Amino acid sequence: MAVASSDTAIRSSNVTRTFIYLFLLLFALFYLMPLVIMVLNSLKPLSEITSGGMIAMPREWTIEPWLSAWSTAQIGVEPTGLRPYFINSIAMAVPAVAISTVAGALNGYVLTKWHFRGATWIFGLLLFSCFIPFQIVLIPMARILGLLEIAGTTYGLILVHVVYGIGFSTLYFRNYYAAFPTELVRAAQIDGAGFFQIFWRIMLPSSGPIIAVCCIWQFTNIWNDFLFGASFASGDAAPMTVALNNLVNSSTGERPYNVHFAGAIMAAGPTLLVYIVAGRYFVRGLMAGSVKG
Amino acid sequence: MAATDPMLDSGADFRTRLQAWLPKIVLAPSFAVMVIFVYGFIAFTLYLSFTDSRMLPSYDLVGWQNYERLFRVRQWDTAIINLGIFAGLYIVISTIIGLFLAIFLDQKIRGEGFLRPIFLYPMALSFIVTGTAWKWILDPAIGLEVTMHRWGWESFQFDWIKDSDMAIYTIVIAAVWQSSGFVMAMFLAGLRGIDNEILKAAQMDGASNFQMYRRIILPQLRPAFLSAFVILSHLAIKSYDLVVAMTDGGPGTSTWLPALFMYEYTFTRNQMGIGASSAVIMLMTIAAIMVPYLYAELKEQK
């Protein structure tokens, strides 16, 4: 069983292979441990945790912490639970993902199939904007949101996420469309197809995978954002990450650790679900955002 | 149909011209957004860093005063030293773990399809979730330490997160946990791209596994090393959420990083000028790493 198959050049002894398996399993445990601890401790009464039993199976199973985290836990000053903030995050992420993906697809199409002077420069500037530390835009953004009277609202956060999401979504589509045969576009042009017709009939039908990649990554980034949420919507409009942080760091008296863990899993849930359902695209997006596509 | 019909002609003309302009029109909104919200904002913050802005932006220039004050502030020292420790360890440890996981996974491992997603899933989580988990796991009162005591290892001690000299290292642990799987994925992609024929040839020439890795495989992974370095270093410089969730900069200010410094000085301590100057320094550091990298990537693609 442990003999390496013949089509690989690297052969290793049984001892080495045992070591490799041990190493990999050890790390699998390391990666799984925090998630397992969160799940187990969200299902046990607080007294079991405070008496030193964090790394143990629950003796008594309960879903009380989940109910509390969802609808009654103290977030900031209000005992609302995380539910309203979960809804905020959905209301923020869905439009922001949709708008930035559409913009990215059109930009990628223009930048690869309609060459004009300066296109590479524009792309370079867009690309760099993906990597700026957002601290550099916090102060003017706060001013602009104030001027537009959308400071502290979900609309404000949608605007922010669209604006700073376009760089990455353009990057995805540009790299994908760069490999798309330009001859097809030229042929369609000769046949009299216009700009949008070509996009609609020729580019979009083969864009399924990259649309998935883009949506998944925009969603993950936007859902997981904390800095913008904390800066521009810390009150009622706060997204899930900000609310979770408030829950964990502001509780006075005895800390309800089990509720914290339940809340953490709720905040992780949507992106984790996307990862489990569409992991393949997730990895692709990871690569497209780092190594060139 | 008469080709000279003026109505039709000008209509067609207009349509042709519109078609010619359409690509630019479609790109224009994104371009405008980028110019204003990215580069315009950078210029604005840069300007503010030379003004005496406190709680609100002010437009009175004060020269390099903010930068001079910034480098005299003790917390900025702390933030820079912490960034050095954090970024150094985070990049090195993530790269080593990622590289070994990738190499080992590439040995025709049974259950690779099962292991790989486990190594990578932390990337899908928010740093706030990661921070919450590790904050309590490493908390000596309820986490690892007290569990070890209960299991009979009475002398076990691990209270770094409460120790202002050691707390920054707990951030490294959580950050490595979150990103090393990502580095693994990058190296694995690199490894899968290496031509097996070259390796077979080397093996026939009597090269050992170790030699093959040192002489052939690792050198071919150079682009992956470079990408890993660039991505990890820019993540390190931007690190904010994880620290907020785990220690909120504490104990005291011992785990401040530049991103926390900027936020605190700008929005809590009403020293916007200094905050802006710290943001400019963060941007410059990232630009020094990203611009040459992106430039090389773009040039290569053309």
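Biologist: How many residues does helix α10 of chain B have, and how does its reach from first C-alpha to last compare with the span expected at 1.5 Å a residue?

Modeller: The model is a predicted one. In it, α10 of chain B (residues 222–238) has 17 residues. Its end-to-end C-alpha reach is 24 Å, close to the expected 24 Å.

Biologist: Which residues of α10(B) are buried?

Modeller: The buried ones include B:Ala224, B:Ser227, B:Val230, B:Ile231, B:His234 and B:Ile237. To be called buried, a residue needs 20 or more other C-beta atoms within 10 Å of its own.

Biologist: How do you know that the span of helix α7 of chain B agrees with its number of residues?

Modeller: Helix α7 of chain B covers residues 167–192, which is 26 residues, so at 1.5 Å a residue it should span 38 Å. Its end C-alpha atoms are 38 Å apart, and therefore the two values agree.

Biologist: Where is the kink in α7(B) centred?

Modeller: The kink is centred on B:Ser179 and amounts to about 35°.

Biologist: What makes α7(B) mostly covered?

Modeller: Of its 26 residues, 21 are buried.

Biologist: Why is A:Val248 called buried?

Modeller: The cut-off is 20 or more other C-beta atoms within 10 Å. A:Val248 has 23 within that distance, so it counts as buried. A:Val248 belongs to helix α12 (residues 240–250) of chain A.

Biologist: What does A:Val248 touch, not counting residues up to four places away in sequence?

Modeller: A:Val248 touches A:His260 and, in the other chain, B:Thr132. A:Phe30, in contrast, lies 218 residues away along the chain, and its C-alpha atom is separated from that of A:Val248 by 23 Å.

Biologist: How many residues of each chain are in contact with the other?

Modeller: On chain A there are 75 residues in contact with 89 residues of chain B. Helix α1 (residues 14–41) of chain A gives the most to the chain A side, with 10 residues. That side divides into 53 nonpolar, 20 polar and 2 charged residues.

Biologist: How does the radius of gyration of chain B compare with that of a compact globule of 302 residues?

Modeller: Such a globule would have a radius of gyration near 19 Å, but chain B has 26 Å. The C-alpha trace of chain B spans about 100 × 70 × 30 Å along its principal axes. The trace of chain A spans about 75 × 65 × 30 Å.

Biologist: How many helices and strands are there in chain B?

Modeller: Chain B has 13 helices and 0 strands. Chain A has 14 helices and 0 strands.

Biologist: How much of chain B counts as buried?

Modeller: The share is 43% of its 302 residues. For chain A, 49% of 293 residues count as buried.

Biologist: Where in chain B is confidence lowest, and where highest?

Modeller: Among the helices, α8 (residues 196–204) of chain B has the lowest mean pLDDT, 83, and α3 (residues 74–105) the highest, 95. Where pLDDT is low, the predicted coordinates should not be read in detail.

Biologist: What ipTM and pTM does the predictor give the complex?

Modeller: The ipTM is 0.90 and the pTM is 0.91.

How values were computed:
Residues are numbered from 1 along each chain as its sequence is written. Chains are lettered from A and ligands numbered from 1 in the order in which they are written. This is a predicted model: local features need pLDDT of at least 70, side-chain atom pairs count only at pLDDT 80 or more; totals for chains, interfaces and linings use all residues. Two residues are in contact if their C-beta atoms, placed from the backbone, lie within 7 Å. Helices (H or I, at least four residues) and strands (E, at least two) are DSSP runs, numbered from the N terminus. Ala, Val, Leu, Ile, Met, Phe, Trp, Tyr, Cys and Pro count as nonpolar, Asp, Glu, Lys and Arg as charged, and the others, Gly among them, as polar. The expected span of a helix is 1.5 Å times one less than its number of residues. The bend at a residue is the angle between axes fitted to the seven residues ending there and the seven starting there. A residue is buried if 20 or more other C-beta atoms lie within 10 Å of its own, exposed if 12 or fewer, and partly exposed in between; C-beta atoms are placed from the backbone. The radius of gyration is taken over C-alpha atoms; the globule rule is 2.2 Å times the number of residues to the power 0.38. pLDDT is the predictor's confidence in each residue, from 0 to 100.
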